[in-house]
Amino acid sequence: MRLHRWARQGGARWLWLALAAWMLTTAAQAGNLTVRAFLDRDHAQLGDTVTLNVEVDGTTQAAAPDVSALQPDFDILGMSHNTSISIVNGQSSTKTLWAIALRPRYAGTLRIPSLVVAGQATQPLTLSVGTAPATAQGGPGDPVFIEVEPSTRTPYVGEQIDFDVRLFYAADIGNGSLKLPRGSHVDWRPLGKGTRYQISRHGRIYRVLERHYAVTPRQAGALDLSPVTFYGTMMQPGSFGGFFDQGQTVTARSAPVHLDVRARPAASGNGAWLPARKLTLQLDGLPADGRVEVGQSLTLTLVEKAVGLPFESLPKPELPTLGGVDVYPDQSQDHTGDDGHWLEGMRARKFALVPQQAGTLTIPAITLEWWNVKTDRKEVARIPAHKLHVVATTGQTAARLPPAATSSAGAPMPARTGSVAASPAAQTAIASPPRSSGHLLAWLALGLWLVTLLAAGGYAWYRRRHAAVPAAPAADKAGRSDRKRQHQAFVQTARTGDVAAQCESLMAWARCERPSLHHLGELAAALQPGVQRDVIAGLQRARYASAAERPDADTLVAAFDKGFAWRDIPATPVSGSALPPLYPQ
């Protein structure tokens, strides 16, 4: 037992000794660490690449330095890491080196701040950057040069220019970037994906990278575009492209471009200024037969398309004012694309139209003035006027029909004493009394026929009167039960959030009291002004335009909690027959 305890104490003692030795060794190594930063040169020209070296002597475990502090003044092109171990006279030494490739963003004296590596800070450095020589512009015969070509040098303010940039290079490019001019009075947008091809210039084969940009001047007057600049490295023949074999730094600049931007011409009018190469209007969704029913939704889509303009320059699509129609506009769907040379802006907006009355619905012509930059004159995009025939639903048509029974000119009016009219022969017999005993038999037959007719009519009247008395309470009780059931169904549907189901359930409940109603527009018109009308309008907007305007379930249920607030208009009585009286008084 004592031996075991001593072994345990001895083992712990050895563990502590090993830990202390490791800490001492680590501290000694930390004390021997040296960190320094240096540049491969302290002078450079704008467009050149310089290398910042950060070296740590005494360890191979240090993490890479954080170089984010360099980004405001330099483009960071890459970082390489190298570790070496050497033994001299039995003494080992370790070194870790990070090489950071930098390209200055502007000319002047640039400061490289202190970087923290392995817990130690490097000394700050400075780099003097001069402007690039004029010969850096380049041209045919040079290994790299740039050509630019605008589609016009006299654009209108707001007109898009197709700005063509071509980079010519005779050898492989390791890395590089194009710098576009900056300015507060001009917009730049890349177009397409660019193309690559080969070309011969002055007996030398060049590879060409061609890119197009949409340039839009925002201010009239003289506009000077500074050169497009390329910075890169050209790999030497036989080079493998490694980081420490960076190749030759190359810089190329295009010639500057001068534009004379014209102001908006007086002939363009006072509307929106739309300088484009093409502009069209389109109205989709019109019924092929030109017919639409009262209360039924008709969705139209108004589309604006322009070549040479982004969608931001186009006005928001709007329909003209329409009488007798509830219009529910949706949010516009906007997009800007391009065909590689020209911007293609589009704005599309849907409108739900719900006619409220029968008749002719005229959609007036829709026009939009624009300036054709190809022909240099004003043009008008137009959608012609359209007429739609709004028809009532089947139930509405029957309700407006005149009485069915009419008499034709010169025809004798039928008898009104019974449900069956006398035959022409009988009428003739009545009008001409018998003049001889030979007609006695005819009179007797006529009398018997009349007695039979009166008896049958009296019996039918007796059955209807006595049958209707006990049936009335049962029918009224069934009606109340149906209304209660439809009310409960509406409350349940209101909780689901399904707008279409809510509208159908509300109409089913309303028809229990007003069977002549056909759609929500008629229901709203039959109610007193107030909350219920507002809620129905919200349901219409949610159904045909924006779901965001949908009334919440509590508001919907509370609005109809006490039933319908009908206006002081008597409801259409529901008789046992759906037909109007055959011979109205």
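**Entry 1. The whole chain.** I began with the accessible surface of the chain, which comes to about 34800 Å², with 55% of it belonging to carbon and sulfur atoms. I noted that this is a predicted model. I then looked up burial: buried residues make up 34% of the 585 residues in the chain. For secondary structure I found eight helices and 29 strands. I also checked contacts between residues at least 6 apart in sequence, and 69% of these join residues at least 24 apart.

**Entry 2. Strands β1 and β3.** I turned to strand β3, residues 50–57, and found it mostly covered, with seven of its eight residues buried. Strand β1, residues 34–39, runs antiparallel to β3, and six bridges join the two. I looked for a facing pair and noted Leu 39 opposite Leu 52 in β3.

Entry 3. I searched the whole structure for salt bridges and got 16. I took Arg 36 and Glu 55, which form a salt bridge with their closest N and O atoms 3.0 Å apart. Arg 36 sits in strand β1 and Glu 55 in strand β3, so the pair links parts of the chain 19 residues apart. Which of the two partners is buried? Glu 55 is, with a relative accessible area of 15%, because buried means under 20%. Arg 36 is partly exposed, at 43%.

**Entry 4. A salt bridge between two loops.** I next looked up Asp 376 and Arg 262, whose side chains meet in a salt bridge at 4.0 Å, N to O. Asp 376 lies in the loop between β27 (366–372) and β28 (377–383), and Arg 262 in the loop between β18 (257–261) and β19 (275–276). The two residues are 114 apart in the chain. I checked their cover as well: Asp 376 counts as partly exposed at 37% relative accessibility, and Arg 262 is partly exposed at 34%.

**Entry 5. Lys 378 and Glu 369.** I also looked up the salt bridge of Lys 378 with Glu 369, where the closest N and O atoms are 3.9 Å apart. Lys 378 is partly exposed, with a relative accessible area of 34%. Glu 369 is partly exposed too, at 35%.

**Entry 6. A network.** Which residues are linked in a network of salt bridges? I wrote down Glu 147, Glu 149, Asp 164 and Arg 166.

Key. Residues are numbered from 1 along each chain as its sequence is written. This is a predicted model: local features need pLDDT of at least 70, side-chain atom pairs count only at pLDDT 80 or more; totals for chains, interfaces and linings use all residues. Side-chain values use heavy atoms; hydrogens and water are left out. Buried means under 20% relative accessible area, exposed over 50%, partly exposed in between (1.4 Å probe, protein chains only). Helices (H or I, at least four residues) and strands (E, at least two) are DSSP runs, numbered from the N terminus. Two strands pair if DSSP finds at least two bridges between them. Contact means heavy atoms within 4.5 Å. Accessible areas come from the Shrake-Rupley method with a 1.4 Å probe; for residues, only the protein chains shown count as cover.
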